[in-house]
Amino acid sequence: MRTATYFFIFLNLSLALFEEPAVYPLPFLATSVLEVLCLLVFLGRLTHFAKVTLHNVFWKDTKNICIMVAILLSLTDLAIYGVLRLYDVRSIRWSRIMRPIFLINFAESRQIRRAFRSIRNTLPEITYVFLLFMFSLLMFSLMALKLFGERNLQTAEGLPYFSNYLEIVFDLYVLVTTANSPDVMMPAFDFSSWYALFFIAFVIINTYIFMSLFLAVVYNNYKKHLKVMPGGACD
């Protein structure tokens with residue numbers, strides 16, 4: 001049963017590779033039949049679990065409720081999408097984002113569920129570090145706007161350089177990953193080599209300090225929640 005459950009979960013998740021839009025799309029009938037088959041297997045697995053579990057225990061378990069809701073919503077979305085397709089009306093399969101619910105909530109996925117719960121419990125505790133990082137990013141973006149916005153600089157493509165605040169925020173956010181380094185700083189560097197100090201300070205503070213601090217906070221809190229995770233009631 002465990003092997004069959006994992007196989008159909010994997011099959012259900014893999015359908016996203018072949019559903020429109022996809023590089024190698026399969027006919028809608030093929031993907032819909034496979035999805036219905038997977039949902040029927042999940043429903044049968046849930047029914048089997050209900051037969052061997054006390055009635056009160058089964059209905060108090062939120063995992064079972066999540067699975068049932070996901071099955072009903074997936075079937076509803078599939079039916080609506082199929083009807084609209086018959087009338088050549090384009091729509092979006094919004095229920096696709098619910099497919100990982102089956103991977104997380106089945107009883108066989110205890111370890112995945114523990115990891116997911118640890119991540120969920122870690123998120124509130126890293127919010128302060130993230131907000132501090134965003135504040136630093138916004139302040140550096142404002143400084144960049146004041147330094148370069150009125151100098152009529154241009155990028156290599158001939159576009160205005162650091163004249164729009166939101167675009168500056170995005171460019172500096174990418175610079176944290178060093179993906180656009182050193183291209184993003186070259187117009188300012190060509191104007192004056194002293195402006196390199198601004199980007200050096202930005203990279204040191206946000207890439208080397210904040211990213212290291214962010215990683216340390218995430219790791220320590222995740223490890224803490226993983227160690228204190230109860231082994232019984234919620235699993």
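Where is Phe-162 found? In this predicted model, for which local features need pLDDT of at least 70, side-chain atom pairs count only at pLDDT 80 or more, and totals for chains, interfaces and linings use all residues, Phe-162 is found in the loop between helix 7 and helix 8. Residues are numbered from 1 along each chain as its sequence is written, and side-chain values use heavy atoms, with hydrogens and water left out.

The protein contains 10 helices and 0 strands, where helices (H or I, at least four residues) and strands (E, at least two) are DSSP runs numbered from the N terminus. Read from the N terminus on, the order of the elements is accordingly α-α-α-α-α-α-α-α-α-α. The radius of gyration of the protein is 25 Å, well over the 18 Å that the globule rule gives for 235 residues, so the protein is more spread out than a compact globule; this radius is taken over C-alpha atoms, and the globule rule is 2.2 Å times the number of residues to the power 0.38. The C-alpha trace spans about 75 × 55 × 25 Å along its principal axes.

The domain assignment divides the protein into domain 1 (1-108) and domain 2 (118-228), with bounds that come from an automatic or database domain assignment. Between the C-alpha centres of domain 1 and domain 2 there is a distance of 40 Å. Among contacts (heavy atoms within 4.5 Å) between residues at least 6 apart in sequence, 68% join residues at least 24 apart.

Of the 235 residues, 34% count as buried, a term that means under 20% relative accessible area, whereas exposed means over 50% and partly exposed covers the range in between (1.4 Å probe, protein chains only). The protein exposes about 15000 Å², of which carbon and sulfur atoms supply 71%; accessible areas come from the Shrake-Rupley method with a 1.4 Å probe, and for residues only the protein chains shown count as cover.

Asn-12, placed in helix 1 (residues 2-14), counts as buried at 2% relative accessibility. When residues up to four places away in sequence are not counted, Asn-12 touches Glu-35, Cys-38, Phe-42, Arg-99 and Phe-102. Tyr-24, by contrast, lies in the loop between helix 1 and helix 2 (28-51) and counts as exposed, at 65% relative accessibility. With neighbours within four places in sequence left aside, Tyr-24 is in contact with Leu-17 and Phe-18.

Asn-152, which lies in the loop between helix 7 (127-148) and helix 8, has a positive phi of about 55° although it is not a glycine, and Asn-152 is exposed, with a relative accessible area of 71%. Phe-162, found in the loop between helix 7 and helix 8, likewise is not a glycine and yet has a positive phi, of about 50°; Phe-162, however, counts as buried, at 5% relative accessibility.
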